[in-house]
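Where does a protein model leave open space, and by which criteria is that space described? Please examine the following model with these points in mind.

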Amino acid sequence: MTALSWDGSAPPSGRTETTLTVDAGPLRLRVTAIGSDLPPTVTVTEQDTPGVLLVDAACPAPGARLRVEWQLPCTGATGYWTPTTNSRWLPPSWALPREASVAKGAPVGSLVGPGDAALCTYAVGEPVRPVGIGEGAVEETGAFSWWVEHEGPELSLRLDLSGRHFADTVRAAAGWWASLQGPATVPDSAFDPVFCTWYALHLAMTSADVERLAALAAPLGFRSLIVDDGWQTDERSRSYATTGDWRPAPAGFPDFPEHVKRVQALGLNYLLWYAIPFAGDRSAAARELAGHTLAHLPTLETFLLDPRSAAVRDHQVARLAAAVEEFGVDGLKVDFVDTFARPAETASPEADCPTVAEGVHKLLAQLDARLRATRPEVLVEHRQGYVGPGLWPFATMVRATDCPHNAAENRARTADLRLTAGPLAVHADPLTWHPEESPEQIAVLLQSVLFATAQVSVELSAQGPGQLAALRFWLSVMREHRDLLQRSGLRPHRPDLGYPVIEARGERALAFGRYAPLPLRAEGDWELLLVANADQDTLVRLVFDRAPGPVSLLVQDCLGAEVATAETRVDGPELTLHVPTGGLLTVRR
């Protein structure tokens with residue numbers, strides 16, 4: 001499959017060049033040790049999967065930055081996938097580079113070609129420290145070029161040129177990350193539906209408001225409650241000036257431990273929101289930690305703390321751990337970690353590690369150890385865009401970043417997260433809708449995040465019987481088929497078109513989310529086939545690679561009511577039938 005040969009030129013000082021010949025054409029690699037007079041050593045090995053290469057570069061010179069550059073002919077490319085859910089169009093090579101670290105992003109990308117085949121998927125084996133990344137089409141040559149760079153004695157780069165579906169190659173890269181750092185423990189409860197207070201209440205909430213919503217949420221099928229921003233302040237403005245002390249609001253939440261117990265008695269896990277990098281302008285924490293900051297953020301009215309400081313880490317860990325140790329909650333929503341990933345304006349004089357990313361890693365590791373000492377199966381939510389493997393040991397779920405009322409964006413973001421989240425449960429940004437929204441469109445919102453853990457945030461007391469029925473039905477579908485929808489192999493199709501079809505395949509089971517009037521290819525062995533139709537076109541076309549033979553069919557509408565049922569035989573390669581918008585087709589054989 002792959003032959004390695006030198007290009008015949010004498011490498012300049014500090015640089016090693018190789019040429020790899022692969023089925024797709026010549027792949028030229030250039031490895032440079034910036035700041036070193038010694039050339040780096042480079043080893044390229046083919047992995048067990050044909051077409052998957054591991055590039056290991058090393059340089060003994062202290063302080064050197066290792067940089068790997070490569071390019072391929074940009075032929076047949078249809079889109080470019082990264083975990084940041086930006087445009088899937090091909091970027092130009094002169095676009096601004098991005099940086100991935102434990103605090104933001106993930107060092108992975110995929111050039112996608114016809115049939116969703118990956119022309120090249122890469123991943124860097126650095127989970128914590130910053131990795132600089134450049135990627136884009138070269139207008140002068142028609143090639144697609146990449147470079148990755150970071151400071152350190154070693155750099156490992158995984159290149160997947162196998163031509164498999166891009167989703168399979170990205171998930172395989174996540175599996176490689178997992179092999180480098182060991183397993184993470186995620187309890188089953190991390191995959192249960194969540195009701196969140198944010199869009200429903202924002203900061204205008206009290207313990208009575210939370211308990212009222214919790215009592216309405218539990219019978220609908222929710223199993224966890226996130227109490228978001230507002231519990232720590234009686235103010236109602238969207239300011240972070242009071243963050244950092246993390247004490248319950250005296251008027252709104254007068255007896256927090258008893259309040260938590262009342263919610264838990266309803267059968268709900270209780271999670272509490274924290275903005276871990278912040279010490280607000282009017283907080284005692286800002287005075288106590290003065291001088292241990294990275295910047296002041298005037299728009300947010302808060303200081304950004306320096307996680308390289310032991311004083312900062314000790315303070316934040318003590319305050320966040322109090323939620324479990326003193327208040328008795330089941331977990332935390334840890335927000336704004338990606339705010340650490342910005343140029344520092346100041347620094348703590350007691351910084352004990354060279355990069356902010358390493359400080360973030362120390363902070364999260366210290367918090368994790370403290371939380372698990374009290375509650376071993378603690379639930380911890382992190383958020384896109386801090387999605388890299390360096391966070392996996394310290395979280396149980398990762399949520400799509402804010403996209404209120406946006407079903408298409410929620411669909412794309414949760415699908416992207418499923419490819420890179422490794423063992424973590426992937427959660428939707430809380431679904432919210434206008435009080436007059438139709439049950440059909442509420443079902444479509446839930447179908448948009450069918451392959452993730454649903455979060456919802458609406459005023460439940462304002463919902464009519466039909467709205468509640470749609471919510472109850474689709475939460476029950478997600479719960480009944482949780483392993484198939486959330487834990488099986490996921491293939492979101494056509495990233496260049498925003499994933500008009502998403503497919504999940506388990507052991508003899510197959511599920512489709514249909515978001516555009518496209519045929520669905522139900523291939524391979526299956527006994528159960530689910531189709532959630534989120535499109536306005538109700539004529540669903542199934543295409544088989546072999547005739548299914550005798551099958552039972554059940555069509556339900558957005559409320560779960562039976563529309564049609566049949567025992568029939570399918571002897572041809574296709575089956576076409578009507579499924580209402582927001583409805584579900586179940587085929588068994």
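This is a predicted model: local features need pLDDT of at least 70, side-chain atom pairs count only at pLDDT 80 or more; totals for chains, interfaces and linings use all residues.

Residues are numbered from 1 along each chain as its sequence is written, and side-chain values use heavy atoms, with hydrogens and water left out.

Q: Why is a space called a pocket and not a cavity?
A: On a 1 Å grid over the protein atoms alone, a cavity is a set of points where a 1.4 Å probe fits but cannot get out, whereas a pocket is an open set with protein on both sides within 12 Å along at least five of seven lines.

Q: What makes up the volume of the largest pocket?
A: A volume is the space filled by probe spheres set on the grid points, which are joined across faces, edges and corners. For the largest pocket this space is about 590 Å³.

Q: What makes a residue part of a lining, and which lie nearest the centre of the largest pocket?
A: A lining residue has an atom within 4 Å of a point. The largest pocket has 27 such residues, with Thr82, Thr84, Asn86, Arg98 and Glu135 nearest its centre.

Q: Which strand gives the most to the lining of the second largest pocket?
A: Strand 26 does, with 3 residues. A strand here is a DSSP run of E with at least two residues, numbered from the N terminus. The second largest pocket holds about 450 Å³ of space, and Asp116, His493, Val501, Pro519 and Arg521 lie nearest its centre among 17 lining residues.

Key
Helices (H or I, at least four residues) and strands (E, at least two) are DSSP runs, numbered from the N terminus.
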